[in-house]
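Here are my notes for you, point by point. Keep the structure open while you read and look up each residue as it comes.

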Amino acid sequence: MALHVPKAPGVPQMLKDGARMLSGIEEAVYSNINACKQFAKSVRSAYGPNGMNKMIINHIEKQFVTSDAGTIIRELDVEHPAAKLMVLASQMQDSEVGDGTNFVIVLSGSLLEAAEELLRLGVTPSEIAEGYEQALDKCLEWLPELVCHEIKDYKNVEAVVAGIRSSIMSKQYGNEDFIARLVAKACIAILPEKTTFNVDNVRICKILGAGLQQSEVLSGMVFKREVEGDITSVTKAKVAVYSCPVDITQTETKGTVLIKTADELLNFSRGEESLLEKQIKEIADAGIKVVVAGAKFGDMALHFLNKYGLMAVRLNSKFDLRRLAKTVNATVLPRLTTPTADEQGYCDTVKVDEVGDTRVVVFSMETSESRISTVVIRGSTDNYMDDIERAIDDGVNTFKAISRDGRFLPGAGATEIELAQKLLQYADTLPGLEQYAVRKFAVALESIPRALADNSGANATEVINNIYKAHKDGKKTYGYDIESDSGDACDAKEKGVLDAYLLKSWGIKYAVGAATTILKVNQIIMAKRAGGPKPKAAPGSDDES
Amino acid sequence: MQPQILVLKEGTDQSQGKPQLISNINACQLVVDAVRTTLGPRGMDKLIVDHGGKAVISNDGATIMKLLDIVHPAAKTLVDIAKSQDAEVGDGTTSVVILAGELLKRLKPFVEDGVHPRIIIRALRTVSRLAIERIQELAVKIESQSPEEQKELLRKCAATAMSSKLIHQQKDHFSKIVVDAVLSLDAPLLPLDMIGIKKVSGGALEDSFLVSGVAFKKTFSYAGFEMQPKSYNDCKIALLNIELELKAERDNAQIRLDNVREYQKVVDAEWQILYEKLAALHESGANVVLSMLPIGDVATQYFADRDMFCAGRVVAEDLRRTQRACGGAVLSSVRDMKPESLGRCAQFTERQVGGERYNIFTGCPAAKACTVVLRGGAEQFLEETERSLHDAIMIVRRTIKNDAVVAGGGAIDMEISKRLRDHSRGVAGKEQLLVAAAARAFEAIPRQLADNAGLDATGLLNKLRQRHHAGDVWFGIDIQKEDIADNYVNCVWEPAVVKINAVTAACEAATQILSVDETIKNVKGEAPPQMPGRGMGRPRMG
């Protein structure tokens, strides 16, 4: 018998039972790439104006119908650690620019796909990553040269509509002009003079019924509530905003009223009543016509409010209260005191209106400039309105990007092809192995017009050839013509298909970032899932080595 | 170890591609089939037993769709549009579902043949635009006419809305009630909740009546109630939100006494507080006292002694209606009551209606509210009647707001169909076929009307097509004569806004269903499983 030499334990043996470890190019890199490819494929069909919608039912049974990649990935609950990196990149894009989430995923997916081919040829992951980064630097260098349009006066509705049209087109193809106009109106109405534009100041109110074409922009706010008291409409009103309940003041500490004599008992509630009446009378005497509170209106308070002809509106959300205070220019008062002239707000009309069969309270400003505008969306189904809301959201974010940087690149794949063409030339000048990676980067960029063409049912290869041809002739702004059946190229600039400069530059950066990070991983160690309930915040504590 | 590629969570259901789209359309078809037979005057009703075992008989598309409790994600869209139609115009819920279903059915072959859904969607948007344009072109405005003429018009609209319902036999009777009810409301807003609908089983449908004022069921009463007068002329009404009973002044108040004499005083004081309130009410000159909160027996007897009527625990809605009708204000305090805070009405009576006693206020000066008292047999029957009235009321309200009407009975649908067919002939490319398909879809409404009435649908449709081609825009199905007729002359009218909304909603729903190519269903957020041993406490490695 040979001497039994116990085998040296490998890494897996050293870990707890059930832990999994994947390492090396075969196991880790390819599997990561595969997962990302699959993931990108799933959202890719949603890219562009002709992208299809996805119907998603999330874990709480809420239904979404959307082609917004941001929403899709948020609700998908992605598990694979590498695919999660892509999700993160896309989310970063969402918070930085607010649009172009799908762009990031499609691009990084095809970067990885291209890398896989190189890996099979024997190029090491780090070389690929390096080449990608070089290509990225070059792209960012060239991007400013490709700018074809600039919006300087972002107070001009027409100019802004042209800018946000294509961003909305990718969500609501066919309705883009209408929605873009809504967004432009809403944004420009509240554009502050000095400070930056805040996305939060464009509110959206969805009311079931009628159709999209009946949607409108109001300057001011709309709440899906009813008024509390009897007065339903006032004009040119001073507004007082309270965060406390409008009622008989109650002590926080639990107290007991001690009554010693019969007289005290008799006068007890009378005193309370007259105190409240005095408070409300003072408010009314100060010229206030509308009282808004963040909490309950007491019966007794309501009685006096009606008596003095004050309108009472209750808002449940603290944020709504704050926004309303901003709209009417009032200070939120924590106690039921009479507001001073500074603390009072002013609103042109406050009234109850019926939209569909929903009662709404409208605070609208006609003459004075409002700081918040509301887009009232009408639509026949909740899902449809949700999707329009997301389209508007993207539009508003694009507007924000415009207000920071008004430069635009040609869309419809024109920019990508131009970059790809330049990269191919650049690759020839490189001495090292990274030239392969740079070339592949160019191929990966083609995936954008390819996805556009695929989703529209056109022949993608032919489309790309057509665009290349146009670019060779020096027509740098030529991209894929969505409306043509044969896959011709057209001038994206002329067609008004424009992408914000910021969107593209950040998108490329994040996509490359995600792709290189995934490429550089060569080992995955997954700890065994702990039994018991999942941690509340982020399920799945997978380590990404 | 085989690397596992699992992008999504385990259990996530993912289906995609064209088959998915087609299966979605098929699912919608099934839902449409469930409601299609309810359309029109000869439509049949559905009896639905919900999960609670409650039986509902209904002809109203929205009600049926809501009760069907559909879980299929795509078919849910149809429920949504029915709801939307209900919210926006209140009627036409069945037609909107049928229209959406028919559009999908007609477009399905194109999906199967490989036409890109986006192209279909673009065609649908064109269809919706053209259809709405046509409705607006044809709609007959009937503005600035004398009140009588307007009333007559509204009655016709209400009658059309009711002709498809259970109560179509009594539609003349009810359309009068409905129009009078709506016209008595506040002009611009026409708040729906100011029309009360009370159901009293027993009697015949024709015994239903409208109270131009308020009526509500007699509330629970204490001893002494019998002595109170039950009828007043020209009375004053106090509307309260006060409990008229001996009660604690304050929840968190405590009385601490140190001698016996004071105790009696405190007891007296409590009584005094109550009597003061009662005296204040009496002095104000009110004859009738209504309160949202209980009115105790002491108060009841006190009022009886002074020839006053009282009712406690009146439902808040009824009280608000009373306030709107009679004026005055709902008071939370009886101190310094002013004469103007009392409501007034010409007549108050308590009347026997079926097995119930009703308090009825009529001849109200403000008269911004009214109540319809429905009589009839079975409970389900009454409920369906209420729903039908609701539909009719909504129709009348819409017509008052936008006073344009089109002829019903499939006339307008045929005309839209013709318009689309004409348009399709001028379009080059795939859209031609798609628009033509949509044109056929619009014929579904008259076809279904005829089918439900047991008429020869194909024959009638051919006649209709011929008529419309000749330019008789208002020809539709005439159920009574089992033939076609000019429905505008026959007074089968519906507000244009109903049709516009139906077309918009149906097209939006169809586009939405067509635009989905993938359904991803996450696992349900399961309840946290019980903790198995937690895996803690094991010694650390190494």
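1. Start at B:K217: its bridge partner in β14(B) is B:Y358. The two strands involved, β7 (residues 213-217) and β14 (residues 356-362), both of chain B, pair in the antiparallel sense over 5 bridges. Two strands count as paired if DSSP finds at least two bridges between them, and the strands (E, at least two residues) and helices (H or I, at least four) are DSSP runs numbered from the N terminus. Strands of a sheet pair through backbone hydrogen bonds, either parallel or antiparallel. As for cover, 4 of the 5 residues of β7(B) are buried, where buried means under 20% relative accessible area, exposed over 50% and partly exposed in between (1.4 Å probe, protein chains only).

2. Before going on, a word on where this comes from: this is a predicted model, in which local features need pLDDT of at least 70 and side-chain atom pairs count only at pLDDT 80 or more, while totals for chains, interfaces and linings use all residues. Residues are numbered from 1 along each chain as its sequence is written, chains are lettered from A and ligands numbered from 1 in the order in which they are written, and side-chain values use heavy atoms, with hydrogens and water left out.

3. Now find the open sheet in chain B, with 3 strands in the order β5-β15-β6 and mixed pairing. Its edge strands are β5 (195-201) and β6 (209-211), each of which pairs on one side only. On average, neighbouring strands here are turned by 20° against each other, direction ignored. (Axes are lines fitted to C-alpha atoms, for helices over the stretch in contact, and angles run from 0 to 180 degrees between N-to-C directions.) Between β6(B) and β15 (residues 370-376) of chain B there are 3 bridges, and these strands run antiparallel. Look for B:V211, which stands opposite B:T371 in β15(B).

4. Which helices go with that sheet? Helix α7 (residues 171-183) of chain B lies across β5, β6 and β15 of chain B, at about 10° to β6(B). Helix α11 (residues 379-401) of chain B packs on the sheet too, touching β5 and β15, and its direction makes about 160° with that of β5(B). Contact here means heavy atoms within 4.5 Å.

5. Helix α8 (residues 260-283) of chain B deserves a look. Its 24 residues reach 34 Å from first C-alpha to last, close to the 34 Å expected at 1.5 Å a residue; the expected span is 1.5 Å times one less than the number of residues. Its buried residues include B:V266, B:A269, B:I273 and B:L281. What do the buried residues of α8(B) pack against? They meet α9 (262-285) of chain A, together with β8 (231-240), β9 (253-255), β10 (288-291) and α9 (297-305) of chain B. Just after α8(B), B:G285 takes a positive phi of about 90°.

6. Rings of Phe, Tyr and Trp (its six-membered ring) pair if their centres lie within 6.5 Å; planes under 30 degrees apart count as stacked, over 60 as edge-to-face and the rest as tilted. B:W271 is partly exposed at 33% relative accessibility, and B:Y275 is partly exposed at 35%.

7. By that ring rule there are 13 aromatic pairs over all chains. One of them, B:Y232 with B:F348, is tilted, at 6.3 Å centre to centre and 35° between the planes. B:Y232 lies in β8(B) and B:F348 in β13 (residues 343-353) of chain B, so the pair ties together parts 116 residues apart in sequence.

8. Last, B:T322, found in helix α10 (residues 316-326) of chain B. Is this residue buried or exposed? B:T322 is buried, with a relative accessible area of 0%. Leaving out residues up to four places away in sequence, B:T322 touches B:V214, B:F216, B:L239, B:L290 and B:G327.
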